Each structure stands twice: as C-alpha cells, then as structure tokens.
Amino acid sequence: MRGLLEKRPLASLMGLIGIALVVGLIFAVWPDWLVDAIGRKKVFVNTLFNGITLAGLYFLVASGFTLVFGLMRNVNMAHGSMYLLGGYIGYEVAELTGNWFFGLGASFVALMFVGVAMQMLVFRRMQGDDLRQTLVTIGISIVAADLMLAMWTGNTYQFSPPEWLYGATQLPIITAIRSSGDAVFLKYPTFRIFMLVAAIFVGLALWLFLNRSKIGMMIRAGVDDRDMLAASGVNVQLIFALVFAIGAGLAGFAGVVGGTALSISPGEDIRYLLASLVVVIVGGMGSITGAAIGALLIGLAEQFGLAYFPTYGVVITFIIMIAVLAVRPQGLMGKS
Amino acid sequence: MENNTQNFWRQQVGPVQIILGVFLLAYPFFTSDFFTFQIGAYSLLLGTVALSLMMLAGYGGMVSLAQLTVAGFAGYMIAIFGTNSAGVHGLDWPIWILVPLVIFISALFSALIGAIAVRTEGIYTIMITLAIAVAFFYFTRQNYELFNGFNGFAGVSPPSVFGVSWRDPVPFYYLTLSIAATFYFAVLYGSRSTFGLTLQAVRDNPRRMNALGYSVAAIRVFAYFLSGIIAGTAGVMLVWFNGRISPGSIGVDVAIDILVIAVVGGLKRPIGPFIGAIAFVLLENFAIDLIDRERFNTVIGGVFLLIVFLSPDGMLGIWERLRARFTRLGKTPPPVKTPEPEKAE
C-alpha cells in the first residue's frame, strides 16, 4: 500500500479522494441541490449496494472459472450450466432436508464430483487442444441445459433461506430526514449482505489456499509453467482434478447463493456464463484478484446502468470491456 | 494468371459437382413447397451464415461466435430502414438502396467486432465474440428506441421485383441458391487469392508474418469485413425468410447452432458448413419422429459432442477417412497427406 503511494502519488491521491467522496455520499445527508442533480439518495445508495453485492455473486461464479482457466487454459463454457445445476441440486436438497445450509453444502460437493468427472473423462483426453476442449464444453452446455429443462421444467424456483437471513437489516445510513426531524434509516435485504460476506470469505479462503498452502504453491507453479511442475515430480493430473473440483464446486455454491438472492430458472446459465466471461476478460484470465476487480466493475456498471440508463444498461458493461481490451488486452491483472 | 484461373475451375468441377449442381437446380421441381422452402432454402441460408464462420475459422484461425449477431444486425437494419408492421421505424427505403447499404453496414459492424476480437488470440476470440453476441442480444431486448425491445419487428417481407413475389417458395429458393453458390465459389476462389493465402499464413504463423512486414491485425479485420458481407447477406435473406426478427432470433442458442453446424460439417472446406446445415435442418424437422420434439437440443448437442470427440474435421473428415480406407483397399497408394500447419507460439 505504501509502495503504491510512493510510486503513483497522483493516482493514489485521486483514488483516495474518490473513495472519500463515495463514503461521504453514503453517510452524509444529501442537500437538495444534490438530489435535484442526481436523484434521491435512497436510489443511489441502494444501487451502490446492489452493485457491490452483485459483484460478490459474480466473484463467486467467476473465481472458479478463472482458476480453471489459469491452470488448464481451459475455457469452460459449461461453467454457467454448473451454476444452474448447483442451484437445482441445492434447491432439491434444501427442500428435502428443510435446511438451506444442507442445500448449499450438497451443491458444492455434488458439483465438485461433476467437475472431477469432467476433468477425468473429457479434458484429460484432449490435453493441450484448447479449441477442442472449448467446443466440447459448448456441447456439454447445450445438452446439460436441455436435460435440466426436461428435469426441472421451465419453472422459476425460489429458495427459502433460514429466518435470520430473510428480511431486511436496518443500516446506520440516513437516507432522508422527515419533515418532523426524524431520520429515515436505510433498510437492506439481509441475504444480499450475507452474499457479499460469503464472497469475501471465499475470496480470502482462496487467497490463503493459493498463497499459504503447499498445494496452492503447486497450483501457482502450474499456472506459470505446467511442464516444469510435472517434471519436478508433481502429479499434475491430480492437481488438475483438484482445481477443477474447486472451480466447479464454487460454481455450484454460487448457484445456491445466487439462486436465493434472485431465482433459479432456465436461461440463468447463459447469464452467468456471460458474467464470468466479461469479469475475467476485464479482470485478466487466471487471476483471482482480477476476478474480484472485474466483478466489482461489472456489478456496479450493471446496477448503475439499470438504475440510471435503463435501455442502455448493457452498453456500459460492454464499453468497460472494450476499453480494457483496448488498453490492456490481457485484462487488468492478467499476465501477458 | 488466366491459366491459373482456368486450372482452378477445372480442378473444382468434376462429375460429382455437375450432378450436385443439376440436382440443386432441379430440386424445386420434384419436391413440395415445404421441402423447397423450409428444408432447401433454410439449409442454404444457415449454411451461408456458417460459411462466413468457416471462412474465418478455417482460413483465419478465428472461431467467432458473433456471425449470427452480424446476420441478426443485418436483419434488424432491414426492418428499421425497410418496411415492417411493428409500427416502429420502418423508413421504407427503396430496395436497391436498402439492401446494398444494409450489407455494407453489416460488414462494417463485423469489422468492428473483428477489431475488438483481434486484440486477442485463439480461445480468447471465442470468449470475446460470445460476450459480444450475448451483449447484443441483451441490448436488443432492453432497447425499445432502436430495436423495439422484446417484441422486435414483424411483417418484414421481400418486395416484388420484376413482377416476382420473392417470398414464394420457388423464387426464394433460387434466390437463396444463387447467393449461397456465389459465396461458396467466392470463398473457394478467395482462398487461393493473394489475400486468402496471406490470411492462411497469418493463421499458421502470425509472428513470422508480422516480421515479414504484414499488418496481422489489418488482415484479420479485413477478413472479418469479408465474412460480414456473407453473414450480412444471409441475414437479409433470413429476416425475409422468417418475416420477423426479435431478440430470440439472435439468442446465444441460435449463435451456438451456427457453430455446431460449421463444426459438424467441417471447418476445413467451404462445402462443410452446407453439409452441416442440411444435417441440422433435417434433424430439426424429423427428429420429432424419432424422439420427443422437446429434446431436440439433447440430440443436436449429442451429435456435436460425438463429432468433436471422433473427428475434429467434422463429417467431411469422417468421409475423407473412409475414402482413404477404400482407396487403400483398392491397392492404390494412399493420398499424400498435407503436412499439418506449424503451430504458432
């Protein structure tokens, strides 16, 4: 942090001012002229929080995607299908046991097995042939989407999370002052806050795993030079299977979390595949930090786009992607 | 040069090609309107869109999932600048300005996609073009000012020119056939042209071409432009074929169908996409007799997986392998295998 301040004093200063400005906007009571200029404070703060929590969800989905890509150079176009499958499995288990957390755990574990199976049965056979691997995952996603449609029909499923996650939490943020002088505090859905906490938790756990454990060290070595890692006596196939398991498991985990925050229905697979694609294109392939930054950018862009420019919302996301590609084709945190 | 051209055509046209040509020309005379329009013309149209992908992927090494997006863009432009019954836009431009203009801006649109995509290589291209395709799909669905949102445009029909109603099955079939044949031969001939060879060289070793002084990015973007002409023309025909266009017609599932068609047919030769398209359309129409209609995607996805697993060159590759085996049985020496292109770093 100090290094950054010294190396880029101007940029860090601008960044700090920007952060201070946003924090100020969140906590201050807005004067009338500001409300006139950019609308009510409640809309702004809600949009900001929606963007950040959505970013949490995007990070959960995209981290698995980018992890798998980083090590295996495998663009898993079936990642969205894994998200959706995780959601359905989680729903079934949660309905069966009556406990939402069982659903969450079951979908994580089930998708881990799916991931290992895919790695062992499919990708191992076409190692190094990127294009063919990608085509196979597209084929799998077509079939998977259709079979899931057959099994769970076109209905929308809604989870019922435990009581304490349901409902809204009052935050110490004043949105407006009533004429009587009472302050109106912002209420925000508890589950979306939980989603953000879960994403931060998963992010930290991944970071610790990759940077502080021996297996994580092997994975990082594999990202840099796969052949060298194999030559030094590590069973690369085992590492591949493990990484694929974690990546797929995270997709399943995200399926339940995202399905609870929003809903689960056919077509969501494409939506989250797109989200993962854009997040990792922006953030940089194979970088967990990049996925976090990309998710934050895209989540915020999407929510602000929806709130302030309803019919051109997608364009903002898209412009971010193009701008990043123009300046840094490998993504913000990607290695060239 | 003259001699070369003659040789080229002599190589391409054999008895099989002549029989095929006669068959295609005579096709409407011995089939019903359904087979002429829904099977024949539709296969040719999908084949043409897939041809634009084959051209990029086979000769340029760029697998783009945004070809249908270009076609859809052309369709939307026809609806916006031409006539539609949705009551939004419909500027009623005369046909001889409308069609060339739409094809040209579609090609520019394709070049724009190319300019974004060529900054990256290989599998990244698939990701970026897919992202573009999905983003365009969501954009048309959200945007009511330009694209009339979820409903899209209906009542888009080809005009009557020279007293012929071009929406009728037989004229439409011949129009489609002539377009498909033109682009097929154009791609075939173009692959031997200077530009075609340059593009293939860029595919095989971009770094060396760069060192030789070629602008790799410019060559690739121009290839996107050319493929945009093909996809745009096919898009104009597709919107006339369907009579309507909406976000559903340019969804990801349809975009992936185009990839499936091109890969199943074979990405090495221009005839591949058409073979794939015929197989696809036949499956789509008659799989209903074999299995539940609802499960069509499982079948097509399964076929796609099978082809990718068994033969990376698609059905053409299977055919060629079979032929090679038969010729070996006939005790003639096996055909000389062309060496695999050198993989670039």
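One aromatic cluster in chain B is formed by Phe73(B), Tyr76(B), Phe109(B), Phe136(B), Phe139(B), Phe147(B) and Phe153(B). The model is predicted. Over all chains, the structure holds 31 aromatic pairs. Chain B also contacts chain A, with 38 residues of chain B touching 45 residues of chain A.

**Aromatic pair within the cluster**

- Phe109(B) and Phe136(B), both members of the cluster, form a tilted aromatic pair with 5.6 Å centre to centre and 50° between the planes.
- Phe109(B) belongs to helix α5 (residues 95-117) of chain B and Phe136(B) to helix α6 of chain B, so the pair ties together parts that are 27 residues apart in sequence.
- Both Phe109(B) and Phe136(B) are buried.

**Aromatic pair between α3 and α10 of chain B**

- Tyr42(B) and Phe241(B) form a stacked aromatic pair, with 5.0 Å centre to centre and 10° between the planes.
- The pair ties together parts that are 199 residues apart in sequence, because Tyr42(B) lies in helix α3 (residues 33-60) of chain B and Phe241(B) in helix α10 (residues 216-242) of chain B.
- Tyr42(B) has a relative accessibility of 19% and counts as buried, because the cut-off for buried is under 20%.
- Phe241(B) is buried as well, with a relative accessible area of 6%.

**Interface of chain B and chain A: area**

- About 3,600 Å² is buried between chain B and chain A, and carbon and sulfur atoms give 78% of this area.
- Of the area that chain B buries against chain A, Ile123(B), Met127(B) and Phe309(B) supply 18%, more than any other three residues.

**Interface of chain B and chain A: polar terms**

- The count of salt bridges between chain B and chain A is zero.
- Three residue pairs are in polar contact across this interface, with both residues at pLDDT 80 or more.

- Helices α6 (123-142), α11 (252-265) and α13 (296-310) of chain B each supply at least two residues of the side that touches chain A.
- α6(B) gives the largest share of that side, 13 residues.
- By residue class, the side of chain B that touches chain A divides into 27 nonpolar, seven polar and four charged residues.

Technical notes: Residues are numbered from 1 along each chain as its sequence is written. Chains are lettered from A and ligands numbered from 1 in the order in which they are written. This is a predicted model: local features need pLDDT of at least 70, side-chain atom pairs count only at pLDDT 80 or more; totals for chains, interfaces and linings use all residues. Side-chain values use heavy atoms; hydrogens and water are left out. Contact means heavy atoms within 4.5 Å. Buried area is the accessible area (1.4 Å probe) that two parts lose on being put together, summed over both. A salt bridge is a side-chain nitrogen of Lys or Arg within 4 Å of a carboxyl oxygen of Asp or Glu. A polar contact is a pair of N or O atoms within 3.5 Å; within protein, one must be able to donate a hydrogen and the other to accept it, and residues adjacent in sequence count only if both atoms are side-chain atoms. Helices (H or I, at least four residues) and strands (E, at least two) are DSSP runs, numbered from the N terminus. Ala, Val, Leu, Ile, Met, Phe, Trp, Tyr, Cys and Pro count as nonpolar, Asp, Glu, Lys and Arg as charged, and the others, Gly among them, as polar. Rings of Phe, Tyr and Trp (its six-membered ring) pair if their centres lie within 6.5 Å; planes under 30 degrees apart count as stacked, over 60 as edge-to-face and the rest as tilted. Buried means under 20% relative accessible area, exposed over 50%, partly exposed in between (1.4 Å probe, protein chains only).
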